[in-house]
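User: Hello! I am new to this structure and would like to get to know it through a few questions.

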Amino acid sequence: MIPQRILIIADIEGSSACLDRSSAKFLGRGWPRACLGMTKDVNAVATALFRAGAGRVVIRDFHRTAYNIMPGLVHPKAVLAQGYTTGPVPGMGAPGEFDGLMMLGMHAPSGSSGFLPHTLTSRIARVTVNNSLVSEAQLFSAALEPFGIPPLFFSGCPSACAHTETSMPGVRCFPIDKFSPGFHAPSWRKRLAQEAVRALSAPKDTLYNPRGEFRVIVTMAKGKAAAKISAQRWGYKHQGANIYVDVASFSALFRELSRIAFLTPLAERLAPLGLPLYHLMGRAGLAWAQKKAPVSGKISRARG
């Protein structure tokens, strides 16, 4: 049997030590502790995958600046990909060859319940296709479908897992309920890693990228004015707080939402020049977080 190649996309909101909004904020009060927890979570999974015989594990940091995971605490065989890049997949460039995708530390989509729910950015209040909410798990999986990479595993808050189980049947999910009285991060990580290993046996032909004539409604959190600016910037129709986008696939939807969420036409053209400065900021922030992170790594259940 050929050793499997696994791509991990890691976020922070659904990780074990992100306990409030400041934990997800770059340079926020709780961010160093959240970075440490996120690092331990992905390392537990990577370590278990290697023990199970995986041949290659790439961990792609995909929160805020994409510099949250502490390199010195990650399995030495794992490849840690930090910082964003331009290319066919927004933020990831050309992903490479993999046998499966695992998504860790994820959150529920904009417009849903759950812990810090959003789709790409909190500036978007909700995204619907045929009246169904759209999550980042769907967008990531669809963007990787043209490269033959199937989604195998997902972990996030219970609401995020419930949405994924409905929208992406066949993807193994493992929830985190870190605000429950009995939550113990090391024990949860052990079970997380076990479930990720079980997902290695999932069928590898379950690619995800729905195609059709989709009318997408993007509702902006700041209302009519924000919708008008974004819609006119990219040539979309709009009414009230809603922007209307027509796409033929979910991979195309990821590209269009990335524009609405993060870019202007000028910024899109200048991205190759601006990304190195953004990466420098991210690396500096992570160096600060590493100095501030608690040495013991113990995680409190208190929200504040």
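Predicted model: local features only at pLDDT ≥ 70, side-chain atom pairs only at ≥ 80, totals over all residues.

User: Is methionine 168 buried or exposed?
Analyst: Residues are numbered from 1 along each chain as its sequence is written, and side-chain values use heavy atoms, with hydrogens and water left out. Buried means under 20% relative accessible area, exposed over 50% and partly exposed in between, with a 1.4 Å probe and protein chains only. Methionine 168 has a relative accessible area of 2%, so methionine 168 is buried.

User: Which residues is methionine 168 in contact with, leaving aside its neighbours within four places in sequence?
Analyst: Methionine 168 has its place in the loop between α4 (158–167) and β8; helices (H or I, at least four residues) and strands (E, at least two) are DSSP runs numbered from the N terminus. Contact means heavy atoms within 4.5 Å. Setting aside neighbours within four places in sequence, the contacts of methionine 168 are Ala137, Gln138, Ser141, Pro151 and Tyr208.

User: Which residue in β8 is the bridge partner of serine 155?
Analyst: Strand β7 covers residues 151–156 and pairs with β8 in the parallel sense over 4 bridges. Across to β8, serine 155 has as its bridge partner phenylalanine 174.

User: How do the rings of phenylalanine 174 and tryptophan 188 pair, and what is that kind of pair called?
Analyst: Rings of Phe, Tyr and Trp (its six-membered ring) pair if their centres lie within 6.5 Å; planes under 30 degrees apart count as stacked, over 60 as edge-to-face and the rest as tilted. Both phenylalanine 174 and tryptophan 188 are buried. Their ring centres are 6.2 Å apart and the planes stand at 25 degrees, so the pair is stacked.

User: What kind of pair do phenylalanine 62 and phenylalanine 140 make?
Analyst: Phenylalanine 62 and phenylalanine 140 are both buried, and ring pairs link Phe62, Tyr84, Phe140 and Phe254 into a cluster. The ring centres of phenylalanine 62 and phenylalanine 140 lie 5.1 Å apart with planes at 85 degrees, so the pair is edge-to-face.

User: How many residues apart in sequence are the parts tied together by phenylalanine 62 and phenylalanine 140?
Analyst: Phenylalanine 62 sits in the loop between β2 (56–61) and β3 (79–81), while phenylalanine 140 belongs to helix α3 (residues 136–144). The pair therefore ties together parts whose separation in sequence is 78 residues.

User: Which element gives the largest share of the lining of the largest pocket?
Analyst: On a 1 Å grid over the protein atoms alone, a cavity is a set of points where a 1.4 Å probe fits but cannot get out, and a pocket is an open set with protein on both sides within 12 Å along at least five of seven lines; lining residues have an atom within 4 Å of a point. Of the 41 residues that line the largest pocket, the closest to its centre are Arg64, Tyr84, Leu120, Ser258 and Phe262. With 6 residues, the largest share of the lining comes from α8.

Methods:
Pairing = 2+ DSSP bridges.
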